[in-house]
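Please look at the sequence and the model below before reading the points.

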Amino acid sequence: MKAAMTAKKIYIGLSGGVDSSVAAALLKRAKHNVVGVFMKNWHDEEDQCPLLEDEKDVRNVCNTLDIPLEIIDLSQTYLEKVFQIMLSELKQGLTPNPDILCNESIKFHALLDHVAQQGADFLATGHYAGLCQYQDNLVLRLAKDKSKDQTYFLSRLPRHALNKICFPLGNMTKDKVREFARSIGLQNSEKKDSTGICFIGEKKFSSFISQYLLDKPGLVLTSDGEIIGEHRGLFFHTIGQRKGLKIGGVSGKDEQAWYVVAKNIEDNTLIVAQGKDNSLLFSTKLHARNIQWHIDLIPNRLFKAFARIRHMQEHQACEVIWHSSDNSATIVFEKAQRAITPGQYVAIYKDNIVIGNGQIHLCKTEKVP
């Protein structure tokens, strides 16, 4: 959050967790006109308990802080912009990232548009990230607490949205957040952080997705083409996966664990190989499409940067070429990366700032140096 910000009308997205609650408290302490907003993005007729519990926590927070609360139902938008896209990508053999899609299309698009219509100057959230100026652009920067940094999940935010959002926790550590929550009497000060996919929560993904996609069995093959098992559907598997393959002892093979190294959509086969460090799991190059840049770049010019292909990964040195003709990028890493996964996203950094994001489309498998 910008330190020199004068009093504004700020809507704060509240989830029921301690992070967004403390963010709201900090805004209130800074004398802003704060309004809490709780999104209902998913309706589970069989199990409404998690949502009801979160809503209860949000109401308690708003009562403690003496701020108004608005509850908004974005479930239809979520269904169209996140869930249906996720199902479509799963059917294509990709491994989607609904949390990134939610930030791009729901929190910082649909919700941002809604609060703007209510006269809000800014939308705030409890994400661990910051904002700063870079080359005349407002960009995302890494959070002070590197162990909680969420810029990977935020790296696909619409560029125009960055001027209308703020992250009050960008300069705080998680320990300080909980300490502050206790000091002001927030009842959720010790609440555990949420995990899992945003709308699935703690449920097992395979059980959940079985409600929406019919099994499509196929063969499990070794990298040499040997049939060693069957799978229920490629959408249950992802690159680098070890658990859940149900491969027993294979004649002539040692006892090393099997890992998914590829998915062949055309013939519906799952390709596996033995060993966590099998060379087939490593790549030095990827191709990303549908790039979203946060700064102005010259097309087709090679430049050095850093990248993450998953949340909380250490920054990996790389070279990037942006192809403006189809808005794609080629990224070549200095060191081979393990389990680059089509459908996931690559976040591109310059030092401690986010400059762009793209969806991983193809990768070139290389030998580990």
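1. A residue counts as buried under 20% relative accessible area, as exposed over 50%, and as partly exposed in between, with a 1.4 Å probe and protein chains only. Phe208 is buried, at a relative accessible area of 3%. Phe83 is buried too, with a relative accessible area of 3%.

2. The model is predicted, so local features need pLDDT of at least 70 and side-chain atom pairs 80 or more, while totals for chains, interfaces and linings use all residues. Residues are numbered from 1 along each chain as its sequence is written, and side-chain values use heavy atoms, without hydrogens and water.

3. Rings of Phe, Tyr and Trp (its six-membered ring) pair if their centres lie within 6.5 Å; planes under 30 degrees apart are stacked, over 60 edge-to-face, and the rest tilted. The count is 12 aromatic pairs. Phe83 belongs to helix α3 (residues 75–91) and Phe208 to helix α7 (residues 205–209), so the pair ties together parts 125 residues apart in sequence. Helices here are DSSP runs (H or I, at least four residues), numbered from the N terminus.

4. Trp42, Tyr78, Phe83, Phe208 and Tyr212 form one aromatic cluster.

5. How do α1 and α6 cross? The axes of helix α1 (residues 18–29) and helix α6 (residues 174–183) come within 10 Å and cross at roughly 65°. Axes are lines fitted to C-alpha atoms over the stretch in contact, and angles run from 0 to 180 degrees between N-to-C directions.

Key. Helix = DSSP H or I, 4+ residues; strand = E, 2+ residues; numbered from the N terminus.
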